[in-house]
Amino acid sequence: MDVQCLQVGMIETNCYLLCDTETRKCAVIDPGDEAGRIAVAVRKSGCAPTAILLTHGHYDHTEGVAELRRAFPGLPVYLNREDTPAAGAPASLFPPVPDTVPYGEGDKVSVGNLTVSVIATPGHTKGSVSLICGDALFSGDTLFAGDCGRTDLWGGDMEQMLYSLGRLGSLGGNFKVYPGHMEASTLERERAWNPWVKQGMRMLQSAKEA
Ligand SMILES: [Zn+2]
């Protein structure tokens with residue numbers, strides 16, 4: 001397994017190539033812009049893309065989808081239904097992405113021999129998901145290094161955000177954390193230092209004890 005990060009667009013969204021080095025297949029996570037550059041990176045990787053996986057529906061994570069699909073026709077695009085205009089999300093912030101495959105909590109997507117597991121992590125948006133593959137956790141705009149995503153936009157909810165961060169913090173073991181913006185981290189570091197993760201984990205703990 002190999003993970004490559006490309007920062008794309010004005011808001012420097014992290015687009016990831018998740019490659020299965022055995023079967024030479026890959027998924028593109030959050031092609032937010034600069035589809036041409038992403039397509040070049042995919043070709044350079046020597047891996048055939050099998051899916052586009054979206055952590056949520058904000059434009060800065062989805063703007064490259066249409067062009068990337070023109071470069072790789074037939075590529076399925078996975079997006080949680082809650083983050084689509086059909087579910088009431090405003091198109092200004094959640095521009096429609098045609099022909100998406102809905103996914104969410106508990107779903108699994110194969111990328112070659114790799115399995116990507118989906119966890120629903122609402123809070124930043126209603127349909128935000130985090131993706132786990134091996135020791136990698138792609139956390140979208142839910143969990144950032146030392147911080148969390150904003151909750152003041154449409155569908156945002158701080159209480160859900162804390163719950164989601166508490167769930168991520170409570171995952172067993174360590175993971176490399178690949179967020180939607182800024183630098184990567186590890187789950188161990190976030191459990192120890194991220195005040196929002198700590199608060200979310202305390203919240204889950206006290207809910208369990210109640
Ligand atoms: Zn976002």
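## Helix 1

On the face of helix 1 turned away from its buried side lie the exposed residues G36 and K44. This is a predicted model, and the helix in question spans residues 35–45. Its buried residues are A35, I38 and V42. They sit on the same side of helix 1 because they cover an arc of only 60° around the axis.

The buried residues of helix 1 pack against strand 1 (2–8), strand 2, strand 3, strand 4 and helix 3 (65–71). Just after the helix comes G46, with a positive phi of about 75°.

## The β-α-β unit

Helix 1 belongs to a right-handed β-α-β unit, in which the other elements are strand 3 and strand 4. Strand 3 covers residues 25–29, and four of its five residues are buried. Strand 4 is formed by residues 48–53 and runs parallel to strand 3, with five bridges joining the two. One of the paired positions is A27, whose bridge partner in strand 4 is A51.

Strand 1 and strand 2 run antiparallel and are joined by seven bridges. Among the residues involved, V8 has T13 in strand 2 as its bridge partner. Strand 2 (residues 13–20) is also antiparallel to strand 3, with five bridges between them. Here Y16 stands opposite I29 in strand 3. The hairpin made by strands 2 and 3 has four residues between the strands, and R24 in this hairpin takes a positive phi near 55°.

## The nonpolar core

The largest nonpolar core has 50 residues. The members that touch the most other members are L18, C26, A27, V28, I29, I52 and L53. Strand 2 gives the most to this core, with five residues.

What does A27 contact beyond its neighbours within four places in sequence? The residues are L18, P49, T50, A51, L53, V111 and V116. Of these, A51 is also the bridge partner of A27 in strand 4.

N14 is found in strand 2. Is this residue buried or exposed? N14 is buried, because 22 other C-beta atoms lie within 10 Å, and the cut-off for a buried residue is 20 or more.

Not counting residues up to four places away in sequence, N14 touches C5, Q7, D30, Y178, P179, G180 and H181. A further separation concerns D33, which is 19 residues from N14 along the chain: the C-alpha atoms of N14 and D33 are 9.9 Å apart.

Another open sheet of six strands has mixed pairing and the order 7-8-9-10-13-14. At its edges stand strand 7 and strand 14 (185–186), each with a single partner strand, so one side of each is left without a neighbour in the sheet.

Strand 7 (residues 108–111) and strand 8 (residues 114–120) are antiparallel and pair over four bridges. In this pair, S110 stands opposite T115 in strand 8. The two strands form a hairpin with two residues between them, and G112 in the turn has a positive phi of about 60°.

Strand 8 also pairs with strand 9 (residues 129–133), in the antiparallel sense and over four bridges. In this second pair, A120 stands opposite V129, and S117 stands opposite I132.

Terms used
Residues are numbered from 1 along each chain as its sequence is written. This is a predicted model: local features need pLDDT of at least 70, side-chain atom pairs count only at pLDDT 80 or more; totals for chains, interfaces and linings use all residues. A residue is buried if 20 or more other C-beta atoms lie within 10 Å of its own, exposed if 12 or fewer, and partly exposed in between; C-beta atoms are placed from the backbone. Two strands pair if DSSP finds at least two bridges between them. A crossover is right-handed if, with the strands pointing away from the viewer, the path from the first strand over the helix to the second runs clockwise. The arc is that of the directions from the helix axis to the C-beta atoms. Two residues are in contact if their C-beta atoms, placed from the backbone, lie within 7 Å. A nonpolar core is a set of buried Ala, Val, Leu, Ile, Met, Phe, Trp, Tyr and Cys residues joined through C-beta atoms within 7 Å.
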